[in-house]
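Hi,

Here is the structure I promised to pass on to you.

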Amino acid sequence: MAEGAKLIGAGCATIALAGAGAGIGIVFGSFISSVARNPSLTKTLFGYAILGFALTEAIALFALMMAFLILFVF
Amino acid sequence: MAEGAKLIGAGCATIALAGAGAGIGIVFGSFISSVARNPSLTKTLFGYAILGFALTEAIALFALMMAFLILFVF
Amino acid sequence: MAEGAKLIGAGCATIALAGAGAGIGIVFGSFISSVARNPSLTKTLFGYAILGFALTEAIALFALMMAFLILFVF
Amino acid sequence: MFFYSPLEQFTIISLIPMHIGNFYFSFTNSSLFMCLSTGLFMCLCVLVTARGGSLVPTPWQSLIEMIYEFVVSLVSEQVGEKGKQYFPMLFTLFTFLLCSNLIGMIPYSFTTTSHFVVTFGLSVSVFIAVTIIGFQIHGLHFFSFLLPPGAPLILSPFLVVIELVSYVFRAISLGVRLFANMMAGHTLVKILSGFAWSMLSLSGVLKLAASIPFAVVFALMFLEVGVACLQAYVFTILTCIYLNDAIHLH
């Protein structure tokens, strides 16, 4: 039974990537509209967009690590 | 039982694509409104929109990878 | 049976990271658009963005702690 | 369908087994690639600036200058004047992560940062260093860092707990972020290339179907190189932010 539950648990844990996908969309969406509004700042804005992306990606990968933990450790 | 759980697990893992779908929609939504606001920048904005799309797609790929991992490796 | 339920429970608890991912995306999204709108305040805005990020990350951490609690304590 | 599990690329193989007492000190492929990445970058720097470097920079010299300028502007922008004394540490941190991530991209090589023990060691040592600096400069006043300015005092017990939890979580999240990015990225590439390989064994026309996962792997390699450089940058910029918090409080 634990063999099957492991798979279902890992499957459920992966659902958390949905939020991170939306979060990254929001970051780049606001980045594109900000560049259109103020093109002179593209350089620094791109730096912050990449920082925002990396921090949101980290949350997605925390969830993925949790899924791997459930899958391979138990 | 594990055979069935494998299918349920892969099914749950695919739910994460909802967020990536929303994210890509947000990116192109703001891209369109930004091009309307500042048509001269269409070139660079399109580049950033494709970058945003690619990075959000990466999250969707992570979720799909997890689903295939559950489905085929176990 | 409890062994399996533990894994499914931890998997479900990790879903909460979706909200944290979206939240961090919103924080950095609004930070980028605010910097474009008023570049002189970048320093203080960056401080508030990092504070907002830290508090949202704390919520993600509470969810992860709950998942680990389910996984290792019971 | 898979001969090896996708995580097989992360196994540690001891090349020169050494045991001191019952301690395991053998020279593993992880330590080999760590020496390789630091050694390569050091040789590059020494060779490039052999005779003080030429006035008109050679391509390699301009590469080193670019990396140097990048980290200098990063540190001075994030930590300001007081950050200058911590620049050497931040520069070695950035170049070590950059080189070990990029070397890990070569097929059949080993990414040292794809193991949690390596990145966790790095992030906890950074966390301890930053906390010591904070207490050294501000003494007990450093605890005021746990109460964000302008927060209403009624909330303070609640806010202090959350700030303390998120302060301590920085050590873990800094390490897990780098580790998870590296491991998940390489696992994703391995699984998709496994698909492309097993699709090749299909009969006749279906072989062409193997080009789809192969194209995805091709695109993913660009993403992976981007993620490798990006994660080194993010690790360094977050260290600068935490250093800035320790030096200038809020």
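This is a predicted model: local features need pLDDT of at least 70, side-chain atom pairs count only at pLDDT 80 or more; totals for chains, interfaces and linings use all residues.

Cavities

Searching the whole structure turns up 3 cavities of 30 Å³ or more. The largest cavity has a volume of about 110 Å³. Three helices each supply at least two residues of its lining: α3 (42-73) of chain C, and α5 (156-200) and α6 (211-248) of chain D. The biggest share comes from α3(C), with 5 residues.

If you want to find the spot, the lining residues from chain C are Ile50(C), Phe53(C), Ala54(C), Glu57(C) and Ala58(C). From chain D, look for Ser166(D), Phe169(D), Arg170(D), Ser173(D), Leu238(D) and Tyr242(D). Sorted by class, this lining has 7 nonpolar, 2 polar and 2 charged residues.

A helix pair

Two packed helices are described by the angle between their axes and the distance between the axes. Here, helix α2 (residues 17-37) of chain A packs with helix α2 (residues 17-37) of chain C at an angle of about 5°, and their axes are 7 Å apart. Angles under 35 degrees count as roughly parallel, so α2(A) is roughly parallel to α2(C).

On the α2(A) side, the residues in the contact include Gly19(A), Gly23(A), Phe31(A) and Arg37(A). Among those they meet in α2(C) are Gly21(C), Gly25(C), Phe28(C) and Arg37(C). By class, the contact of α2(A) with α2(C) has 10 nonpolar, 8 polar and 2 charged residues.

Enjoy exploring,
and best wishes

Key: Residues are numbered from 1 along each chain as its sequence is written. Chains are lettered from A and ligands numbered from 1 in the order in which they are written. Side-chain values use heavy atoms; hydrogens and water are left out. On a 1 Å grid over the protein atoms alone, a cavity is a set of points where a 1.4 Å probe fits but cannot get out, and a pocket is an open set with protein on both sides within 12 Å along at least five of seven lines; lining residues have an atom within 4 Å of a point. Grid points are joined across faces, edges and corners, and a volume is the space filled by probe spheres set on the points. Helices (H or I, at least four residues) and strands (E, at least two) are DSSP runs, numbered from the N terminus. Ala, Val, Leu, Ile, Met, Phe, Trp, Tyr, Cys and Pro count as nonpolar, Asp, Glu, Lys and Arg as charged, and the others, Gly among them, as polar. Axes are lines fitted to C-alpha atoms, for helices over the stretch in contact, and angles run from 0 to 180 degrees between N-to-C directions. Angles under 35 degrees count as roughly parallel, over 145 as roughly antiparallel, 65 to 115 as roughly perpendicular and the rest as oblique. Contact means heavy atoms within 4.5 Å.
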